[in-house]
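Open the model in your viewer and keep the selection panel at hand. The stops below go one by one, each with something to select.

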Amino acid sequence: MAIRIADTATVDPGAELADDVEIGPYCVVGPDVRLGSGTHLIAHVCLFGSVQMGDRNRIGPFSVIGTVPPPGRPLGRVVIGEENTIREGASIEAGTGSGTRIGSRNQLGPHVAISGDAWIEDDVMLGAGVRLGLMAGIESFAQLTAGVDVHPAATVGEHAFAGGPARIFRDIPRYLLVDGSSSKVRSINLIGLKRRGFSRPSIRSLREAHRLIYRAGLDLNAAANRLVDLGHMTHEVIRLLESLHAQQSGRHGRAREALRRFPDAVGAVIGRGEGSIG
């Protein structure tokens, strides 16, 4: 099908638009933008800097993606996969390092704010007003409800759940559920795991791992030995223990803090304290 561009939209001649792209009224598309087939910018969407978007994405009104490059400074880019729904009023910054990456089939609620160099894998759900700090990350199938703040460089593990208004200062290990402003681990993400078709033995093993670590208070080595003895060392439990080990090996409970090489400007933001959300 043909490309459709509203009369009131502004599209730079350097932008690359695939077939069946639809650009609604009052959108602004910069010269270093590439849009995949079937992508729809509904209205008043602004794409600045380097933005690469795959097929069949739907971007809500008044969303701003990318950043106008500052004079003389390097700028990352925004790379978005396929079949994402980004609701109205979203803000996605490009950052100054590796850039911001969003996978495929994600659902981003209204007024979500994603800071530079953050990353989201696939099949993630973010509620209204969720904010991701600089270099924060969300693994696949995680769900964050409305109002959750994720600290810079914190990671939310795959199949994890965070209920608002949680403030995520530490990594959330895979398969677990946190709730409340203290983002305390409450249990495994039982409902989410059932919806995703996890088997009863897998869920039973994750429950036992959670009980040993968070209720019995065993350290990871002791818990791992106990889980082996009980026959609960499944693939999912191994991945849970991996994420817990990474969390505990990092700084301030964040694995990426130990690995990061922040540009000076990003490092300054990180250093402003636990309460700073970029």
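Select Glu 158 first: it is buried, with a relative accessible area of 13%. Buried here means under 20% relative accessible area, exposed means over 50%, and partly exposed lies in between (1.4 Å probe, protein chains only). This is a predicted model, in which local features need pLDDT of at least 70 and side-chain atom pairs count only at pLDDT 80 or more, while totals for chains, interfaces and linings use all residues. Residues are numbered from 1 along each chain as its sequence is written, and side-chain values use heavy atoms, with hydrogens and water left out.

Helices (H or I, at least four residues) and strands (E, at least two) are DSSP runs, numbered from the N terminus. A salt bridge is a side-chain nitrogen of Lys or Arg within 4 Å of a carboxyl oxygen of Asp or Glu. Arg 239 is partly exposed, at 21% relative accessible area.

How many salt bridges does the structure hold? There are twelve. For another one, select Arg 4 and Glu 22, whose closest N and O atoms are 3.1 Å apart. Arg 4 lies in strand E1 (residues 4–5) and Glu 22 in strand E4 (residues 22–23), so the pair ties together parts that are 18 residues apart in sequence.

Next, select Arg 56 and Glu 83, which meet in a salt bridge at 3.1 Å, N to O. Arg 56 is partly exposed at 43%, and Glu 83 is partly exposed at 35%.

Move to helix H3 (residues 220–229), where Leu 220, Ala 223, Ala 224 and Leu 227 are buried. Viewed down the axis of H3, these buried residues fall within an arc of 100°, so they line one face of the helix; the arc is that of the directions from the helix axis to the C-beta atoms. On the other side of H3, select Asn 221 and Asp 229, which are exposed.

Finish with two loop residues. Met 135, between strand E20 (131–132) and strand E21 (137–138), has a positive phi near 60° and is buried at 13%. Phe 141, in the loop between E21 and strand E22 (143–144), has a positive phi of about 65° although it is not a glycine.
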